[in-house]
Amino acid sequence: MAMLLIILLTEAVLIGLALSHVGPVVLAAIALIVLMFYSFLSLRGANGRYIPLSREDMPWLYDGIATMARKAGLKMPRVLLLDEYVPLAYSFKDTVVLSLGLFEVLDREESLAVAAHELGHIKNGDTKTFPVLAYGRYLTLVLTAVVVLTGRSLSVAVSALTMAGLYELAWARFHKEREFLADETALRLLETPMSLKRALEELKYYEDLRVGVRSNALPNIEPEIERKQRTSIIETHPTYDERVLRILIEINGGGIFKNRIQ
């Protein structure tokens, strides 16, 4: 994370060099706009097809998450069920979101393992740092664009582009490390740690099967059941296989993870 902050500071210095005396004003204006946008989205909260989970709805899920939260030293998070057939899980602030499709693919232990991973993100502070770093990325891109478009100095423009590229690489690496750390935290919270491995394998099988069905299907047949796929030059998430391997090493005493839940 320190590297990302250094890159942001470097970008700020470059825009100061590129725009001389108006640089600080431009930098402050851009930073203010990004901050306001971030604050606006942060205050909106969850809406749409979300169903707040109560104990009466799914006692096994509610009690399981409550038990793991206590073990992690967290208060009971808000749990939202997403009305979506595709298996999804994510977290923000102190909230865990699980799609209804997740329970069609995974059994109870595996579903709790996915929830444990999201609790790991909350426990490790990722739900606070991820949004900040994501908007830091937007800020870096905007600052780089301003420096390049002014065209006052080729060397400064090249430096800005280099910093933007370094931010992307550092951002992706940081995300991958935090995903592994969330898995490690989940292993400490689960009664059956191997359930996280099984969950990842089931989700990988589902993804592979869905891709195979889509590639062999006739065009224009039930297009609404397809989830839009994101393509990225720099991957910010480890693959299922990478995560499974790390889990197996950890469970079998490899000790490759440095931080642990006490």
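How exposed is Arg-49 in terms of relative accessible area? Arg-49 is partly exposed, at 49%, where buried means under 20% relative accessible area, exposed over 50% and partly exposed in between (1.4 Å probe, protein chains only). Before we go on, a word on the ground rules: this is a predicted model, in which local features need pLDDT of at least 70 and side-chain atom pairs count only at pLDDT 80 or more, while totals for chains, interfaces and linings use all residues. Residues are numbered from 1 along each chain as its sequence is written, and side-chain values use heavy atoms, leaving out hydrogens and water.

Let us stay with Arg-49, whose side chain meets that of Glu-84 in a salt bridge (3.3 Å, N to O). The term stands for a side-chain nitrogen of Lys or Arg within 4 Å of a carboxyl oxygen of Asp or Glu. This pair links distant parts of the chain, 35 residues apart: Glu-84 sits in the loop between strand E2 (78-82) and strand E3 (89-92), Arg-49 in the loop between helix H2 (23-44) and strand E1 (50-52). Helices (H or I, at least four residues) and strands (E, at least two) are DSSP runs, numbered from the N terminus. Glu-84 counts as buried, at 18% relative accessibility.

In helix H7 (residues 154-189), Glu-177 and Arg-173 are about one helical turn from each other because they are 4 residues apart; their closest N and O atoms are 3.3 Å apart.

Now to the rings. There are 2 aromatic pairs, meaning rings of Phe, Tyr and Trp (its six-membered ring) with centres within 6.5 Å; planes under 30 degrees apart count as stacked, over 60 as edge-to-face and the rest as tilted. Trp-60 and Phe-103 are edge-to-face, with 6.1 Å between centres and 90° between planes. Because Trp-60 lies in helix H3 (residues 59-71) and Phe-103 in helix H4 (residues 102-105), the pair ties together parts 43 residues apart in sequence. Phe-130 and Phe-174 are edge-to-face too, at 6.3 Å and 80°.

Finally, look at Phe-180: Arg-246 lies over its face, 4.1 Å from the ring centre. The criterion is NZ of Lys or CZ of Arg within 6 Å of the ring centre and within 35 degrees of the ring normal.
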